[in-house]
Amino acid sequence: MNELRILLQENLNKEFILAVLSAPREKEGITKVKVRPLLRKETLIFQLESFKNNQAFHENLEISETVERILDYMENMKQMQFETSSWNYTVLISKKGKVTIKRKAQKEQNKKADLSHNRKKQYILEEGVSVPFLKDLGVMTEEGKVVRSRFDKFRQINRFLEFIEDILPRLDKGRELTILDFGCGKSYLTFAMYYYLHELQQYDIRIIGLDLKTDVIKHCNELSRKYGYEKLIFLEGNIADYTGVNEVDMVVTLHACDTATDFALAKAVGWNAKVILSVPCCQHEINGQIENEILKPVLKHGLLKERFSAIVTDALRAEYLEREGYEVQVLEFIDMEHTPKNILIRAVHTGKGGGNTQTIEAVKEFLHVEPTLGNLLGQ
């Protein structure tokens, strides 16, 4: 890690803007760390915000302490995005500890960090910056001000883009990428993906949104043409029957109801999609199957049975994806107070699968369940 130590020592100064440490090897501890500079009594310090079990912890450290703490965190992290006023660095650490550092010139000249202690939260899509699709979707005014009644939607969009930001190093920037959004609905997040990846990050992408509602698809295509988004199209169709592409880089499924999520995940696995982002919804299937005498005190109560069945459903989905060669994280999408459908399954293809088949079968036998995803992958 000597080259990483040198990078930190040379750049943790007033030119430093932000660092994000992510992709932990061990999922039980700290899952993400954000580092930013602060001025306290004219002294430059660094605030480290670490995340564990949906909680955030803060500590303010001097330069030398910050270097050591970041190095400690990186023992368990696979990547770090490191930004200064002049350069953007991507740090990748292999399983064997090999450090790879990639550097790109900062696009925005004279970019500087906000050194204030109580600064306003920074969103990927900034407040006050007019975004065309957010205006037409009723989230922003003409001046770029977020409509108060739509602020939860604004936060949700930005939270979703943060998940994508974390996996950017896994996406090839040297070719056209294909992204499929199953059950795109009104397509807030579909437009946000295109705007962020194509307009802000300069990726060559093609996004296909799929939904069953004719009027919604028509309206989304009209907006796409209006903005000049040539590679963003919307099609009417069913997840299970879609065969319009042969290769896909990223599959997104947001609130696809019940087993529609399973059909989308199975399609993604069949395409060897590099990244899967899935927010499940209405997990009824397991709820109608689950039986277990030992768990009878839980299962005899309808509400508890429903919640327990939803957890089992998504846990088994994660296990199936791991079996198929994906590194899987189950994350909180947005605060529970804003939407009850707040679990996001993020899976990144590594090709190193297997090893958990017996665990899956044991859970199925114990609970007397037969998930659709398992059957689809078996086929």
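Modeller: Lys78 is a place to start, and it sits in strand E5, which covers residues 77-84. Keep in mind that this is a predicted model.

Colleague: Is Lys78 buried or exposed?

Modeller: Residues under 20% relative accessible area are called buried. Lys78 has 18% relative accessibility, so it counts as buried.

Colleague: Which residues does Lys78 touch, leaving out those up to four places away in sequence?

Modeller: Its contacts include Ser22, Ala23 and Arg25, then Val91, Leu92 and Ile93. Arg170 and Glu327 also touch Lys78.

Colleague: How do I read backbone angles?

Modeller: Most residues other than glycine have a negative phi. Gln202 is not a glycine, yet its phi is positive, about 65°. Gln202 lies in the loop between helix H5 (188-200) and strand E9 (205-211). With a relative accessible area of 47%, Gln202 is partly exposed.

Colleague: What is the phi of Asp258?

Modeller: Asp258 has a positive phi of about 50° and is not a glycine either. Its loop runs between strand E11 (250-257) and helix H7 (260-270). Asp258 is buried, at 17% relative accessible area.

Colleague: Now the cysteines. How many disulfides does the search of the whole structure find?

Modeller: The search finds zero. To count as a disulfide, two cysteine sulfur atoms must be within 2.5 Å. For Cys220 the closest cysteine sulfur belongs to Cys184 and is 5.6 Å away, so the two are too far apart for a bond. Cys220 is buried, with 1% relative accessible area. Cys281 is also counted as buried, at 4%.

Colleague: And the chain as a whole: how many helices and strands are there?

Modeller: The chain has eleven helices and 14 strands. Of its 379 residues, 47% count as buried.

Colleague: What does the radius of gyration say about the chain?

Modeller: The value is compared with that of a compact globule. For 379 residues such a globule would have a radius near 21 Å, and the chain has 22 Å, which agrees. Along its principal axes, the C-alpha trace spans about 65 × 50 × 40 Å.

Colleague: Among contacts between residues at least 6 apart in sequence, what share joins residues at least 24 apart?

Modeller: That share is 66% in this chain.

Colleague: Where do the charges lie on average?

Modeller: Take the mean position of each kind. For the 53 positive and 55 negative charges of the chain, these mean positions are 3 Å apart.

Conventions:
Residues are numbered from 1 along each chain as its sequence is written. This is a predicted model: local features need pLDDT of at least 70, side-chain atom pairs count only at pLDDT 80 or more; totals for chains, interfaces and linings use all residues. Side-chain values use heavy atoms; hydrogens and water are left out. Helices (H or I, at least four residues) and strands (E, at least two) are DSSP runs, numbered from the N terminus. The radius of gyration is taken over C-alpha atoms; the globule rule is 2.2 Å times the number of residues to the power 0.38. Buried means under 20% relative accessible area, exposed over 50%, partly exposed in between (1.4 Å probe, protein chains only). Contact means heavy atoms within 4.5 Å. Lys and Arg count as positive and Asp and Glu as negative; His and the chain ends are not counted. The place of a charge is taken as NZ of Lys, CZ of Arg, CG of Asp or CD of Glu.
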